[in-house]
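Let's take a walk through this protein chain together, going from the overall layout down to single residues.

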Amino acid sequence: MAIDPNLNAGQRALVVQIQKTTKVYAYGFVLGIPLTFGGAHYGITEKPIGFAGTALGLVGLVVGVLALMKARGLKEQLRRLTPDAWRSPAAHLPSARKAATQAAYVNGVLVLLSLGAVGYLLVKGADWGAYGNSFGFGGLMLAAFIPLGMGLAAATTIPQLLQVVPAGARVGQSLYSVIMALGALILINGVKGFDPLPIAIGGTVTAICLGAMSILGKATKRMRGESS
């Protein structure tokens, strides 16, 4: 990811540290989750040697959690250098408070959608046969972790928004953009295959995300005291 050229030297150094730390916790979780759950599945259903994979997976998860905590600390340092990290100077205005509440509801919808996606994956995993083999089970747990992480990230923005902190809306925009990219991919594949179901699903998801991102963008401006 390219670094914003408008950042000063201190901010650029923090961004570089965040990028490096993010890679560490991404690798920790991507390797740790499948090994932990897949290894446990193999150890229970096949041979005890699977628990060795569980042990390695737990090491990866510990590394990932430690890196995640470090990255969050670095991000908090970076946020403190930006005005959006603080309570809006326009927080006393009814329009700013209304915008913050609206953004909190929009991010709340994202939390529900993310948890719904987790439940969907766990239920559909039975149809896909993921519970019948260790590799599939490990992959399913990793797949479920992605929307779960997004839902938790969205949930942390709600208290910020209730305090009229614009950064909460910016984070919501970023999370919705990830879902929109997935929706657009489904839509494109549906168009290529002339399949109406993926076209409908992908188009609906993309439209919802575009609408949510627009609402959050306008809410950010109103919380800053800018005209939307």
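When two helices cross, call the crossing left-handed if the near helix is turned anticlockwise from the far one by less than a right angle, and right-handed if the turn is clockwise. Keep that in mind for the helix pairs below. One more thing before we start: what you're looking at is a predicted model.

**The big picture**

Of the 228 residues, 35% are buried. Now look at contacts between residues with a separation of 6 or more: 68% of these link residues 24 or more positions apart.

**Helix 3 and its two partners**

How do helix 3 and helix 4 run relative to each other? Helix 3 covers residues 94-127 and helix 4 covers residues 134-162; their axes come within 8 Å and cross at roughly 165 degrees. Angles over 145 degrees count as roughly antiparallel, and therefore helix 3 and helix 4 are roughly antiparallel to each other. Their crossing is left-handed. Sorted by class, the contact has 22 nonpolar residues, 6 polar ones and no charged ones.

Helix 3 also packs against helix 5 (residues 167-193), at an angle of about 35 degrees and with the axes 10 Å apart. This crossing is left-handed too. On the helix 3 side you'll find Ala-103, Val-106, Asn-107, Val-109 and Leu-110, and they meet Gly-168, Ala-169, Gly-172, Leu-175, Tyr-176 and Ile-179 from helix 5. By class, that contact has 8 nonpolar, 3 polar and no charged residues.

| Helix | Number of residues | Reach | Expected span |
|---|---|---|---|
| Helix 2 (residues 50-79) | 30 residues | 42 Å | 44 Å |
| Helix 5 (residues 167-193) | 27 residues | 40 Å | 39 Å |

In both helix 2 and helix 5, the reach is close to what is expected.

Which residues of helix 2 are buried? Among them are Gly-50, Gly-53, Gly-57, Gly-60 and Gly-64, along with Thr-54, Leu-61 and Ala-67. In helix 5, the buried residues include Gly-168, Gly-172, Gln-173, Tyr-176, Gly-183 and Gly-190. The cover over the buried residues of helix 5 includes helix 3, helix 4 and helix 6 (196-224). Just after helix 5 ends, Phe-194 takes a positive phi of about 55 degrees.

Start with Thr-36, which sits in helix 1 (residues 9-45). Is Thr-36 buried or exposed? Its relative accessible area is 10%, and the cut-off for buried is under 20%, so Thr-36 is buried. Leaving out residues up to four places away in sequence, Thr-36 touches Gly-53, Thr-54, Gly-57, Leu-58 and Leu-61. Thr-36 and Leu-148 are 112 residues apart in sequence, and their C-alpha atoms are 17 Å apart in space.

Next, find Gly-211 in helix 6. Gly-211 counts as partly exposed because its relative accessibility is 31%. From the C-alpha of Gly-211 to that of Val-63, 148 residues away along the chain, the separation is 37 Å.

Technical notes. Residues numbered from 1 in each chain as written. Predicted model: local features only at pLDDT ≥ 70, side-chain atom pairs only at ≥ 80, totals over all residues. Heavy atoms only, no water. Axes fitted to C-alpha atoms, helices over the stretch in contact; angles between N-to-C directions. Helix = DSSP H or I, 4+ residues; strand = E, 2+ residues; numbered from the N terminus. Parallel < 35°, antiparallel > 145°, perpendicular 65-115°, else oblique. Nonpolar A, V, L, I, M, F, W, Y, C, P; charged D, E, K, R; others polar. Expected span 1.5 Å × (residues − 1). Buried < 20%, exposed > 50% of the residue type's maximum accessible area, 1.4 Å probe, protein only. Contact = heavy atoms within 4.5 Å.
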